[in-house]
Amino acid sequence: MAKDSQFSGGKSHLEMGSLEGRAVLQLEDENLGDSKHNDRRTSSMDATPQISVFDTDTDDVSCKCMWNSILRQMHIVLFSKKLNLLIPCGPLAMLVDTLTDHHGWIFFLSLLGIIPLAERLGWATEQLAFYTGPTVGGLLNATFGNATELIISMYALRRGMIRVVQQSLLGSILSNTLLVLGCAFFAGGIAHSTKDQLFDKGNAVMNSGLLLMAVMGLLFPAVLHFTHTELHFGKSELALSRFSSCVMLVAYGAYLFYQLTSQNSLYMPLAEEEGENDESLEEEEAPEISKWGSIIWLSISTLWIAVLSEYLVNAIEGASVAMSIPVAFISVILLPIVGNAAEHAGAVMFAVKDKLDISLGVAIGSSTQIAMFGIPFCVVVGWIMGCPMDLNFQLFETATLFMSVLVVAFMLQDGTSNYFKGLMLLLCYLIVAASFFVHIDPEAIQDKPKKT
């Protein structure tokens with residue numbers, strides 16, 4: 001009511017201002033009419049500067065409104081979250097890289113600098129989703145939610161660090177399916193401990209099927225390699241990987257078409273839930289910046305993440321030596337946690353609000369996109385670049401992914417969740433993290449940049 005009264009008050013001031021303006025104009029017209037009898041040329045000269053003054057005032061007001069809008073949007077983007085205090089870590093990492101060779105500090109500062117940028121990237125995508133509708137908005141969230149991992153993978157692929165690409169994408173799937181979903185189930189179960197939370201079982205089963213299809217695509221090249229049953233040694237495995245990648249991309253395209261045209265879309269619960277919110281929640285979920293502002297900040301965040309990703313990738317090997325941490329642990333555990341920071345927070349928040357369909361759309365939907373689009377896309381890009389990126393993720397990594405997808409599929413089959421399911425997923429992730437901490441990658445020597 002206060003806002004309505006304030007708005008009405010502002011409107012009355014505008015109306016009074018317009019009436020006063022009309023009165024002034026009428027008086028000016030009368031004066032001009034009287035002066036025409038005395039000196040017609042002088043009156044015309046007096047009228048001309050008055051019009052230019054009005055035009056100048058209008059231009060000044062429009063410029064002030066534009067600058068106020070820009071400053072307001074900058075304040076919202078840069079100072080609305082305490083996490084943005086980590087943004088200066090990015091320039092600091094660049095400074096340390098210029099002045100010293102401490103790869104551990106460069107890696108650590110780049111990692112911290114990417115965290116708020118990944119969150120702002122997800123936030124800008126959500127703002128843009130307000131103007132595109134729930135289905136396209138959900139697909140945008142899933143796409144740009146994985147932009148950080150894909151950018152890091154492109155830089156690593158360009159430097160010939162194939163294992164880092166494979167392990168970081170694998171870690172993104174493990175992080176989303178076990179860590180993010182586990183935290184969402186656990187937090188939602190604690191917040192609603194008196195009941196089992198429900199979600200759409202059909203969509204969950206569909207995404208589980210896509211994840212299993214991705215596991216099948218990764219399993220066959222690994223089995224072909226370790227059983228030494230290739231028709232052409234060293235070539236059949238790569239050819240099978242590229243063919244399977246194209247098939248997986250076609251399958252993911254068909255999945256997107258189904259989601260955009262089906263009434264039972266994965267992202268439609270978002271619109272249904274928003275319609276049931278109270279007025280205060282609707283005001284809270286209103287867009288904070290304009291459509292073009294969302295696009296501009298989305299571009300800025302993506303470019304800044306791309307810059308920091310180059311420093312991050314260049315410092316991985318040095319940081320591994322400096323901190324005595326295996327490259328596999330950095331690639332599978334640390335990098336995906338940073339890339340999934342925004343999705344992690346969003347999935348937990350929606351689970352606490354008893355909106356598990358949205359949490360599943362964030363966690364499982366993101367995993368599906370990495371498995372069915374991100375990994376095949378990197379294989380195809382490597383094919384174009386002349387880099388032998390394949391789907392042979394080695395036996396240890398493939399077995400880890402296979403068991404994790406099976407665990408998640410069993411957790412989702414009944415369409416209910418509670419805090420105990422979330423706790424089991426989190427404990428499974430701890431086992432995976434510990435396994436990669438003591439794992440020696442047999443192909444680690446291939447992570448070194450190739451000299452041209």
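These exercises work through helix geometry, aromatic pairs and salt bridges in a predicted model.

**Exercise 1. Helix α18**

Task: Find what span α18 has, and which of its residues are buried.

Solution: 
- Step 1. Helix α18 runs over residues 419-437, which is 19 residues.
- Step 2. The distance from its first C-alpha to its last is 27 Å, close to the 27 Å expected at 1.5 Å a residue.
- Step 3. The buried residues in α18 are Lys421, Gly422, Leu425, Leu426, Tyr429, Val432, Ala433 and Phe436.
- Step 4. These residues cover an arc of only 135° around the axis, which puts them on the same side of α18.
- Step 5. Turn to the face away from the buried side: Leu430 and Ile431 are exposed there.
- Step 6. Look at the start of α18. A side-chain oxygen of Asn418 comes to within 3.1 Å of the backbone nitrogen of Phe420.

**Exercise 2. A lysine of α18**

Task: State which residue forms a salt bridge with Lys421, and whether Lys421 is buried or exposed.

Solution: 
- Step 1. The partner is Asp414, with the closest N and O atoms 2.8 Å apart.
- Step 2. Lys421 has 10% relative accessibility. Buried means under 20%, so Lys421 counts as buried.
- Step 3. Asp414 has a relative accessible area of 42%, so Asp414 is partly exposed.

**Exercise 3. Two aromatic pairs**

Task: Classify the ring pairs Trp105 with Phe108 and Tyr252 with Tyr255.

Solution: 
- Step 1. The structure holds seven aromatic pairs. In the pair of Trp105 and Phe108, the ring centres are 6.2 Å apart and the planes meet at 80°. Planes over 60 degrees apart count as edge-to-face, so this pair is edge-to-face.
- Step 2. Both residues belong to helix α4 (residues 103-129), where they are three residues apart, about one turn of the helix.
- Step 3. Check accessibility. Trp105 is exposed at 53%, and Phe108 is partly exposed at 40%.
- Step 4. Tyr252 and Tyr255 pair at 5.8 Å centre to centre, with 40° between the planes; this pair is tilted.
- Step 5. These tyrosines are three residues apart in helix α9 (residues 236-261), so about one helical turn separates Tyr252 from Tyr255.
- Step 6. Both Tyr252 and Tyr255 are buried.

**Exercise 4. A charge over a ring**

Task: Identify the residue that lies over the face of Trp123.

Solution: The residue is Arg120, at 4.4 Å from the ring centre.

**Exercise 5. Salt bridges across the chain**

Task: Locate the partners of Arg158 and Lys195, and find how far apart in sequence each pair lies.

Solution: 
- Step 1. The structure holds five salt bridges. One of them joins Arg158 to Glu310, with the closest N and O atoms 3.7 Å apart.
- Step 2. Arg158 lies in helix α6 (residues 147-158) and Glu310 in helix α12 (residues 291-314), so the bridge ties together parts 152 residues apart in sequence.
- Step 3. Arg158 is exposed at 54%. Glu310 is partly exposed at 31%.
- Step 4. Lys195 meets Asp354 in a salt bridge at 2.9 Å, N to O.
- Step 5. Asp354 sits in the loop between α15 (341-352) and α16 (356-385), and Lys195 in the loop between α7 (162-191) and β1 (197-198). The two residues are 159 residues apart.
- Step 6. Asp354 is partly exposed at 26%, and Lys195 is partly exposed at 41%.

Note on methods. Residues are numbered from 1 along each chain as its sequence is written. This is a predicted model: local features need pLDDT of at least 70, side-chain atom pairs count only at pLDDT 80 or more; totals for chains, interfaces and linings use all residues. Side-chain values use heavy atoms; hydrogens and water are left out. Helices (H or I, at least four residues) and strands (E, at least two) are DSSP runs, numbered from the N terminus. The expected span of a helix is 1.5 Å times one less than its number of residues. Buried means under 20% relative accessible area, exposed over 50%, partly exposed in between (1.4 Å probe, protein chains only). The arc is that of the directions from the helix axis to the C-beta atoms. A polar contact is a pair of N or O atoms within 3.5 Å; within protein, one must be able to donate a hydrogen and the other to accept it, and residues adjacent in sequence count only if both atoms are side-chain atoms. Rings of Phe, Tyr and Trp (its six-membered ring) pair if their centres lie within 6.5 Å; planes under 30 degrees apart count as stacked, over 60 as edge-to-face and the rest as tilted. A charge sits over a ring if NZ of Lys or CZ of Arg is within 6 Å of the ring centre and within 35 degrees of the ring normal. A salt bridge is a side-chain nitrogen of Lys or Arg within 4 Å of a carboxyl oxygen of Asp or Glu.
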